[in-house]
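Notebook open. I wanted to look up the pockets in this structure.

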Amino acid sequence: MKRKHIFLIITDQQRFDTIAALGFGHMHTPNMDRLVREGTSFDNCFVTAPSCVPSRASLFNGYWPHTTGVLRNGLHWQRTWVGSLAEQGYHCVNIGKMHTIPYDAKAGFHERFVCENKDRYYEGRWFADEWDKALAARKQVKPSRERYRDLPDYKERLGAYEWPLPPESHADFFVGDMASWWLETRPKPEKLFMQVGFLGPHPPYDPVASYAKPYLDNPDLPVPEPRPSDLDDLPSFLKHKRAHDSKVDHDAVLWSMEPTREQLRRLRAYYLANVTMIDEALGKMLKVMEQKGYLDESLVIFCADHGEALGEHGLSQKWSMYDVVTRVPAIFWAPGEVKQDQRLDGLCQLFDIGATILDWAGAPQPPAAQAQSLMPALRGEAWSGRDAVFSEQAGDVALTGASLFTMVREKRYKLMHITGSTEGQLFDLDADPKEMHNLWHDAALQAEKARLLQVLLEWRMESSVQTMTLMSEAR
């Protein structure tokens, strides 16, 4: 019998290369490492969209972003497959970030304790979430770009700040403590589905200073060094994004067109420190789960909604199709039922996690679902993964130079198509795993480019046929 409780833990904007057990020894992530060692990790899991709302909507409904029309941040969505778990007898609880629009939509849960982005200057500014209320009750003022702007070196910080309040008030410790509080104080359901959404390491990059120090002191900390040729090869909309981000401080990040090595080093250290803080919160949660009798009865899933550029390719945040943005951790843990110490390199998509949860729970998949269950891989059966993965993004608040861009990625080649443009990106990942050389105009690869464009075309056409009856009740 499968473990009866399911915990889905989602971080916000966490890159794949942030977990020590996945091969990145500069990280301190003992609890994430445990999940990797004792579970199954999908090392090539890619998001269906490189920003929060479309990625999460896709994960929780089982459809490509173009199917539901949720292709950028700020768009309304609240329908999920969570209600199907409730029909199977699960008590469904969300603690932390889901990023539904509206933020407090029920989304199929019995209980929601909503925490949203750390900095909401342009969107949802006056929405008071659980974290806002707790800070107010503690008579603490939430750090935000309005206050950070008063710092004399605001323009040099690239969004990296020391957390100024007591550690327990930090968003990620707060979310972890709230999840532990629920487990400690509420009657234990027969079956529990708990989604825990950490707000970090999404900017502002704001760790407690003591967590940043080991990273700042590490002489081997990886720091990007964008090459002029890489920057020159960026499509026009990404060049436009770089300039936009240097003028508009989204999420309290004011970018620089020419950041120094020390600026990038601090940015990376603060970001990674926030990951370590999340790891500590995760560890506390796992201890409470063990104390309350959940752990031996639970499937634990750890993932992120998308990654982060951190200055690579000269870019800030997300909204691009580089692997540092589209590739995320995806770890399943349930010793005895999920194969242990298994790392798989087959291609999969983040929304496949949703299909797997439904499969695990014995719940039906959504009609014409486009996500695929990973259950065979979890059992250790033969599994080769998808032939290709896809990601798509419409123009957004910080992405005003393109209406839509779409990625297809196979094991060797990746192509990024821009609607209405003759520009694009093409990478040979075998020869150029860091995606430094855009081969879009390379004469020797024009046949390969044409083939991948045809793959994109067939994918969109097949998707249309597959879901043509999806909206029949709304006609």
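I am working from a predicted model, in which local features need pLDDT of at least 70, side-chain atom pairs count only at pLDDT 80 or more, and totals for chains, interfaces and linings use all residues. Residues are numbered from 1 along each chain as its sequence is written, and side-chain values use heavy atoms, with hydrogens and water left out.

Entry one: the largest pocket. I noted the terms: on a 1 Å grid over the protein atoms alone, a pocket is an open set of points where a 1.4 Å probe fits, with protein on both sides within 12 Å along at least five of seven lines, and lining residues have an atom within 4 Å of a point. Volume is the space filled by probe spheres set on the points, which are joined across faces, edges and corners. I read about 770 Å³ for the largest pocket. I found 31 lining residues, with R15, D17, E312, V324 and K434 nearest the centre. I looked up helices too (DSSP runs of H or I, at least four residues, numbered from the N terminus). α11 (261-291) and α12 (323-326) each supply at least two lining residues. α11 gives the most, three. I sorted this lining into 13 nonpolar, four polar and 14 charged residues. Nonpolar means Ala, Val, Leu, Ile, Met, Phe, Trp, Tyr, Cys and Pro; charged means Asp, Glu, Lys and Arg; the others, Gly among them, are polar.

α2 gives the most, with three. I sorted this lining into twelve nonpolar, eight polar and two charged residues.
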